[in-house]
Amino acid sequence: CTQFLKSNGLQWITYFDSDEFLVMNFLRPEEQRDTTIGNAEQMELRKLLPETQSNTTVLETIRDLEATHNLTNCQTLPRVLVGALENFTCPGAPSRENIESRGIPFDWMSSLRFHQHAEKGDFAMSKYGKVMMKVSELSEDTLAKVPSNIHRPYKEECGRAFTLFPDALFYLNHYIGSWERYNSREDGRRNRLEWEKRAYMTAGTSCEDEVFQWFHRFEHLVGVERAAYLLGGNHTISEPL
């Protein structure tokens, strides 16, 4: 897959699953005040990330950073486990009623449905990260090797599957989902006890990074009708995609 993407001219690609959501690691005011947090060089890069309210995409952000800085070919994406509690909604996030009025199944929208997560940087709870790689810079010798796993497909490029959270430019929200969804996958490691260990996260919320804003931006980008169609709604569209 990586060889195919490189041969088709792609530069940066990410390796993660459909229950994960890529987020910019915006620099918080408290981090700017405390100079002991994180790697100084990485903190300076994080200062260049766009504002939370910006419509700038991840790819546009990477290209902007590359224009003035040397980014490593492998960016580690630490993960944050998002639980299954539904007793809290971020201010400004679209409601179930709002989503379902468009014919979109709200239960499918994990990033709009679940907002509370484990503490950022809690490795014991969120486990190993994933990666974003600049495949256009990978050698043919590297690509000829069989990747060991999705967390570290090419270890010689990426090193350990871990980075301190303050040093990461981007991270992944990992949604445990409802018990019904979690249990639908045939996996001997999955059971009710394991789900409950991960379901009741309350250490933080996705509100500060406004993850839910993707929905409003998506509607603005493609239009309300197309957005509903592409998100699995029971809509037909009047014009071809």
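The largest pocket in this predicted model has a volume of about 850 Å³. Its lining takes in 30 residues, and Phe21, Thr56, Thr57, Val58 and Trp214 are the ones nearest the centre. As for secondary structure, strand S1 (12–15), strand S2 (20–24), helix H4 (58–66) and helix H12 (213–222) each give two or more residues to that lining. H12 gives the most, with 6 residues.

Next up is the second largest pocket, with about 630 Å³ of space. Here 22 residues make up the lining, and Arg79, His174, Arg185, Arg189 and Arg190 sit nearest the centre. At least two lining residues come from each of strand S4 (79–82), H7, strand S7 (170–175), helix H10 (179–183) and helix H11 (192–199).

Helix H7, one of the elements lining the second largest pocket, spans residues 123–126 and holds Phe123. That phenylalanine also belongs to a nonpolar surface patch, along with Tyr128, Phe162 and Leu164. Together the four have about 370 Å² of accessible area. So is Phe123 buried, exposed or partly exposed? Phe123 counts as partly exposed, because its relative accessibility is 33%, and the partly exposed class lies between under 20% for buried and over 50% for exposed.

Methods
Residues numbered from 1 in each chain as written. Predicted model: local features only at pLDDT ≥ 70, side-chain atom pairs only at ≥ 80, totals over all residues. Heavy atoms only, no water. Patch = residues over 30% accessible without salt bridge, like charges linked within 9 Å, V, L, I, M, F, W, Y side chains within 5 Å. Areas by Shrake-Rupley, 256 points an atom, 1.4 Å probe, with all protein chains shown as cover. Salt bridge = Lys/Arg side-chain N within 4 Å of Asp/Glu carboxyl O. Helix = DSSP H or I, 4+ residues; strand = E, 2+ residues; numbered from the N terminus. Buried < 20%, exposed > 50% of the residue type's maximum accessible area, 1.4 Å probe, protein only. 1 Å grid on protein atoms, 1.4 Å probe; cavity = no way out; pocket = protein on both sides within 12 Å on 5 of 7 lines; lining within 4 Å. Points joined across faces, edges and corners; volume = space filled by probe spheres on them.
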